[in-house]
Amino acid sequence: MSQASTGNRLSGPLHDVAGEAGHEHHPPRMGFFTDTSVCIGCKACEVACKEWNAVPEDGLSLSGMSYDNTVSLGASTWRHVAFIEQIGHGPPATEPFAADGAPAETAEPANPGDIRWLMSSDVCKHCTHAACLDVCPTGSLFRTEFGTVVVQDDICNGCGYCVPACPYGVIDIRPGDGRAFKCTLCYDRLGAGLEPACAKACPTQSIQFGELDELRERAADRVEALHAAGRPEARLYGESPDDGVGGDGAFFLLLDEPEVYGLPPDPVVTTRDLGAMWRHAAAAAGTMVVAVGAAFLTSRGRRR
Amino acid sequence: MAEAHPVGFQWVMEAKKRGATVIHVDPRFTRTSALADVYVSLRAGSDIAFLGGLVNYVLENELDFREYVVAYTNAAAILREDYQGPDDLDGLFSGYDPDGRHYDSTTWQYEGADTPSPGSGEMTETEPAQGAGGDPSASRVGGAAGRAASYGDTHGSGGAAITGKPRRDETLQHPRCVYQVIKRHFARYTPEVVSQVCGVPEDQFLRVAREMTENSGRERTTALCYAVGWTHHSVGAQYIRTAAILQALLGNIGRPGGGILALRGHASIQGSTDIPTLFNLLPGYIPMPHANAHPDLESLVGDEEKQAGFWGNMRSYVVSLLKSWYGDAATADNDFCYGWLPRLTGNHGTYQTVADMADGKVKGYFLVGENPAVGSANAKMQRRGLASLDWLVVRDLVMIESATFWREAPEIETGEMRTEDIATEVFVLPAAAHTEKDGTFTNTQRLLQWHHKAVEPPDDARSDLWFYFHLGRRIREKLAGSTDERDAPLLNLTWDYPTDGPTADPSADAVLREINGTGPDGSALSAYTELKADGSTRSGCWIYCGVYADEANQAARRKPGQEQTWVAPEWGWAWPANRRMLYNRAAADRDGNPWSERKRYVWWDAKAGKWTGEDVPDFIPDRDPHYVPPESATGPDAIAGDDPFVMQTDGKAWLFAPQGVADGPLPTHYEPPESPVANPLYRQQQNPAREVYPRRDNLLHPSGAQPGSEVFPYVFTTYRVTEHHTAGGMSRTLPYLSELQPELFVEISPALADERKLQHLGWATVVTARTAIEARVLVTDRMRPLTVDGRTVHQVGIPWHWGPGGLSRGDAANDLVAVALDPNVHIQDKVGSCDIRPGRRPRGPALLEYVEEYRRRAGITELTGTEGVTP
């Protein structure tokens, strides 16, 4: 990440992501703030997304993973609500008061039998440094004027380079189709001045859509409020421009470690070291040229 | 609530954000529990004990809002000397008739009140009992057209009528005043007993009690919200009664932030009771006349006119309704065509009708947006009923199981029915969805919201309005010119609505205007107080009068919230009179001043001499708070200045119900119709007034200590999950919803999984005496065993959305549920006892033998579990 300050455009903070992509007069960067602390797991986001974007149904199978039968993001799942059942995390079963109403000597610890049910709607992160876009050979993946990352299905040739490039495992090839698909942050709706379908459908404002800068402020306030309310476990994920992808365009408020939600704890844009790799490769090539040249000269010398 | 009403739950989240404490009480840990501050797991079917415990906590610690209670409830009213309760009678109330299985409410009255007792023979039974096999002990069962049912059914919404105001002791010290009676009654429900009955640890119960009482009173209010599963019990009406007693004691009724909020089970179910699809009501909760008791208009409305309160004007409402239906044909000389109204001859509720269908007594049936082959209790009996019809009309968006039972009912596989033997002619007539037609939804807040047609319905799909209008039009054309007297009610209906478009869809707007009503000059009325009994006004539903005030569709108003006051009176239209909160006179104290600044809502403006506030006052606009009516006054004139409950004949909230409840003046805990637990409180096991159908196709289990009870050792409860809608017609047919919950599952605790060797994601068979179903197993810590009365009770959770059709398929949970009903509203109990075993259920006729073996082991006969008084 130290390369960030050196002006590497493959990682680190980037103030004007759309401008860097060549959009001269562009709107502010738009994104999602998903506050999982108010998610009720209704899956309206999943359905609204599929309805609006005409994403096909992709399997009728009971997963056994709590109420999550969607399982993961994929070519035909652009919003995915995870359900995590945890034991021993619930709020205290008894209030920290003695029976007479006076504060108890010591507050009761959380009852180990208590359950916590975490719900979280996952989505493409629309990274500041999007490896999927960087590796796309056809230009199908592009950075929009809103700073989001969109794949154009009429250009995608299904090469699949983007799939392993994504540090979150978001983009994928649709079986039977061959092309890559993922969340567009409803590029068509944004162009018409509408919010994305998932945010529109979310009943509890768990999914908030807006200008990324403003969302970051809102998220910081929310974390502060939760901490003040005795929820020290609240934390942001993907919000920091200093992280491995230069900050996400879609970031989250979580109530546990990212791994619990199936999110990588420290994602790094897979093309971060592309420059260094090219430099190393160039150095290696140069070295080889020198070596070969030297060998050639040496052998000529020997022959002589 | 988050599970069944995710969109409405946003307001709970909003309240939580503003500092509200959210408490969730439910047998299983749901999405609501996940977001609640406090979660309490209780045994399914034990809610009266839990709520009763809260009532006892309030009374024992004198935490009631005393000024409110004295002024606005019947706490001070003095009861007769001969009333006895469950403590005196081992679980019964005085007045129980063991042969008739119903209560005579005479002993429940206020002292000295001259109260007509509807149980005393004014309704005569016109039909013998329809129980099985002519067993004499079944004389009051089989949902017979009994008085118990009929009298509850003829109250409309006004509740029971009592004449004269009771003697009161406002010190609440009189041993027979309601306050003291309920204090003694609920004293039984100590925290220990709550724990014993419900399986709720005492400290958890006490936390809820403290949270609720500390958050109620002059400065604060607490709301109770329930989804309709709360009512689906053989004591369902009494669940709500207990909640009402608690809220009235805490001063949480008629005040902002208070109330008991019923989250109705479908869009506009409220509307379908306002303008009813129920057998016992006319529009606006006017009781359906009874064949014997109400031969003429006078007999229907005469008694009401002598009462205090707004039901005193019932004649105006009924006459305006008749004028709306029969127009110029209705005159004072012909009793406004009252004689053409249909009549009750007894209980014609859905389960009675289905039993009659199965017995071949019903020939034709309309199913409109309902899928009973999946969605109604004892779905097996439902399908038998459908298969016994001559014809069936199904109006739905998709092909539902109730239209395809003749080829895909489980009974075809078992050999109980053969397609070639089923003579029912099924007409499936596709219906338009709400986006494909104009109309209103009425929500739980009585708020009418207009929806506009967005697209034309596809193909042959038509709106319900289209269907009924053109059906009526064609029938009338066929009958045109008939002089047969029986055709007159049809031929004289006002049936002339403008139609629109290529399909001639009738104008929903015109229908709304007709419902609103018109005055002598033909212009739209603006309030129900304008309705007249002389035939000069018309209104299709008196409570909706005003929805078309100023010749404008008030339900279509959509002024954004930020452009108006927080009560938002210009969003849609709420009945009655665009009033957003009922009984809001109670938001002010006896003198008419707000109880507190924080909770000010409606108050008396002494200078102007009228009631005013944030909402339309639910009171006579200029009635002084200190007004005392003369003894002789009736109707609205008899409402005193401190009688906020203007629809009650004594103007007070009834802590004790001297009349009108079929199964007791106070709620008390009974076990569900089937329970592995013996009632810990007294000998009486179940609600003695519940309605049972002792039939071969509706067998019940032994309960509690009865031999054979151990064959069905677990409690099951049915419920919805967010991903699906009711019986699945609108969700299991859609790929995007089906993939979210692709098949039926049952939820059990790890402990039960161990006990019965059930594997996560494996198959389980759930067995009752009705039948057995199979489902995939979800083992989850969200289900927990409870300690009830010293023993461990396991619960099995079963969502009821599935059936054999659609994309997402499974057995129907309602195949397990017995028909054993609340006597007030004829609703089933969704809780029962069961067994659960690993593996899939037997196929074909082997399934019948499998279930029969269970019946044999439990010694089940048609009479098992149908006793009134527990032997």
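Five bridges join β9(B) to strand β10 (residues 391-396) of chain B, and the two strands run parallel; helices (H or I, at least four residues) and strands (E, at least two) are DSSP runs numbered from the N terminus, and two strands pair if DSSP finds at least two bridges between them. Within this pairing, B:Y365 has B:L392 in β10(B) as its bridge partner. This is a predicted model, in which local features need pLDDT of at least 70 and side-chain atom pairs count only at pLDDT 80 or more, while totals for chains, interfaces and linings use all residues. Residues are numbered from 1 along each chain as its sequence is written, and chains are lettered from A and ligands numbered from 1 in the order in which they are written.

The open sheet has three strands in the order β9-β10-β11 (chain B), with parallel pairing. Its edge strands, each pairing on one side only, are β9 (364-368) and β11 (425-430) of chain B, and the twist averages 15° from one strand to the next. Helix α16 (residues 401-408) of chain B packs on the sheet and touches β9, β10 and β11 of chain B, its direction making about 145° with that of β11(B); here angles run from 0 to 180 degrees between N-to-C directions, and axes are lines fitted to C-alpha atoms, for helices over the stretch in contact.

Two helices of chain B also pack together: the axes of α3 (residues 47-60) and α7 (residues 191-198) of chain B come within 9 Å and cross at roughly 170°. α3(B) and α7(B) are therefore roughly antiparallel to each other, a term for angles over 145 degrees, whereas those under 35 count as roughly parallel, 65 to 115 as roughly perpendicular and the rest as oblique. From α3(B), B:A49, B:F50 and B:G53 meet B:P191, B:V193, B:V194, B:V197 and B:C198 of α7(B), where contact requires C-beta atoms, placed from the backbone, to lie within 7 Å. The residues of this helix contact divide into seven nonpolar, one polar and no charged.

The largest nonpolar core has 173 residues, of which A:C132, B:V55, B:V178 and B:L655 touch the most other members, and α3(B) gives the most to this core, with nine residues. Such a core is a set of buried Ala, Val, Leu, Ile, Met, Phe, Trp, Tyr and Cys residues joined through C-beta atoms within 7 Å. Not counting residues up to four places away in sequence, A:C132 touches A:L141, A:V149, A:C162, A:A165, A:C166 and A:I171.

The contact between the chains takes 35 residues from chain B and 30 residues from chain A. On the side of chain B that touches chain A, the largest share, four residues, comes from α21(B), and the residues of that side divide into 17 nonpolar, eight polar and ten charged.

| Residue | Phi | Loop |
|---|---|---|
| B:D335 | about 60° | between α12 (314-326) and α13 (350-358) of chain B |

With 31 C-beta neighbours inside 10 Å, A:H126 counts as buried, whereas B:D335, with 16 other C-beta atoms within 10 Å, is partly exposed; a residue is buried at 20 or more such atoms, exposed at 12 or fewer, and partly exposed in between. Elsewhere in the backbone, a cis peptide bond with omega about -10° joins B:W575 and B:P576, and B:P576 lies in the loop between β16 (573-574) and β17 (602-605) of chain B.

Methods: Contact = placed C-beta atoms within 7 Å. Nonpolar A, V, L, I, M, F, W, Y, C, P; charged D, E, K, R; others polar.
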